[in-house]
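Have the viewer open as you read.

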Amino acid sequence: MTATANTPASNNTASAGSATTGNNQKEYFNLNVSGIGYLSSIRRLQGSNGEFTCAVINALTGPTDNASYTRFDITVAGKEQTSLINRCQKAVDEEEKVLIGFVLSGLKADVFTLQSGEHAGESRPSLKARLIKVEFIKKGQDVVYKAPNASQTPETGPAAQKAYDPESF
């Protein structure tokens, strides 16, 4: 298989296995996931490299009138994103609906065990990722944050009325 000249790993060189440029800077292939979902379980943890923020995003997927959810256990990357997620802590703790537009990176599959409830002890699949960008934050019906260069925008106000044929049944 050959790479095109525009791919970062090829860097217009003939060495097939090299992932570095002429100045020894590594380049990477990125797999990013973008979407919208509900934020929950925000927590600050202490690790060997200091404090970091984790949360759960239940991402919406499927038809808008019958959406299903995909759970992502996320670690927040970057000071700005960490600040934005930490500012949502009170609303999430008070069980208000917090909808965010997001971009995730470093997706990995894992298994977790339910700790409480009627299914305690059962295993479930989990997707782990790093939150690298918050596009918007919507608390209830109010947009409280929108990134200056957001590629996604939240719906505002009531849902648009469906247009029906005047002669529909």
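## Around Glu-135

Leaving aside residues up to four places away in sequence, Glu-135 touches Gly-101, Phe-102, Val-103, Tyr-145, Lys-146, Ala-147, Ala-150, Ser-151 and Gln-152, where contact means heavy atoms within 4.5 Å. Glu-135 is part of strand β5, residues 123–139; helices (H or I, at least four residues) and strands (E, at least two) are DSSP runs numbered from the N terminus. With a relative accessibility of 2%, Glu-135 counts as buried. Buried means under 20% relative accessible area, exposed over 50%, and partly exposed in between, using a 1.4 Å probe and protein chains only.

A word on provenance: this is a predicted model, so local features need pLDDT of at least 70 and side-chain atom pairs count only at pLDDT 80 or more, while totals for chains, interfaces and linings use all residues. Residues are numbered from 1 along each chain as its sequence is written, and side-chain values use heavy atoms, with hydrogens and water left out.

## The core

Which residues touch the most other members of the largest nonpolar core? They are Leu-39 and Leu-131, out of 24 residues in that core. Such a core is a set of buried Ala, Val, Leu, Ile, Met, Phe, Trp, Tyr and Cys residues joined through side-chain atoms within 4.5 Å. At least two core residues each come from β1, β2 (50–61), β3, α1 (79–87), α2 (89–93), β4 (98–113) and β5. Beyond four places in sequence, the contacts of Leu-131 include Ile-57, Ile-74, Ile-85 and Phe-102.

## Rings and charges

The whole structure has two aromatic pairs. One of them, Tyr-38 with Tyr-69, is tilted, at 6.4 Å centre to centre and 55° between the planes. Tyr-38 sits in strand β1 (residues 32–47) and Tyr-69 in strand β3 (residues 68–76), so the pair ties together parts 31 residues apart in sequence. For the cut-offs, ring centres of Phe, Tyr or Trp (its six-membered ring) must lie within 6.5 Å; planes under 30 degrees apart are stacked, over 60 edge-to-face, and the rest tilted.

Tyr-38, partly exposed at 27% relative accessibility, also shows up in the table below. A charge sits over a ring if NZ of Lys or CZ of Arg is within 6 Å of the ring centre and within 35 degrees of the ring normal.

| Charged residue | Ring | Distance to ring centre |
|---|---|---|
| Arg-71 | Phe-112 | 4.6 Å |
| Lys-97 | Tyr-38 | 5.2 Å |

## The whole chain

Along the sequence, the pattern runs β-β-β-α-α-β-β-β. Of the 169 residues, 28% count as buried.
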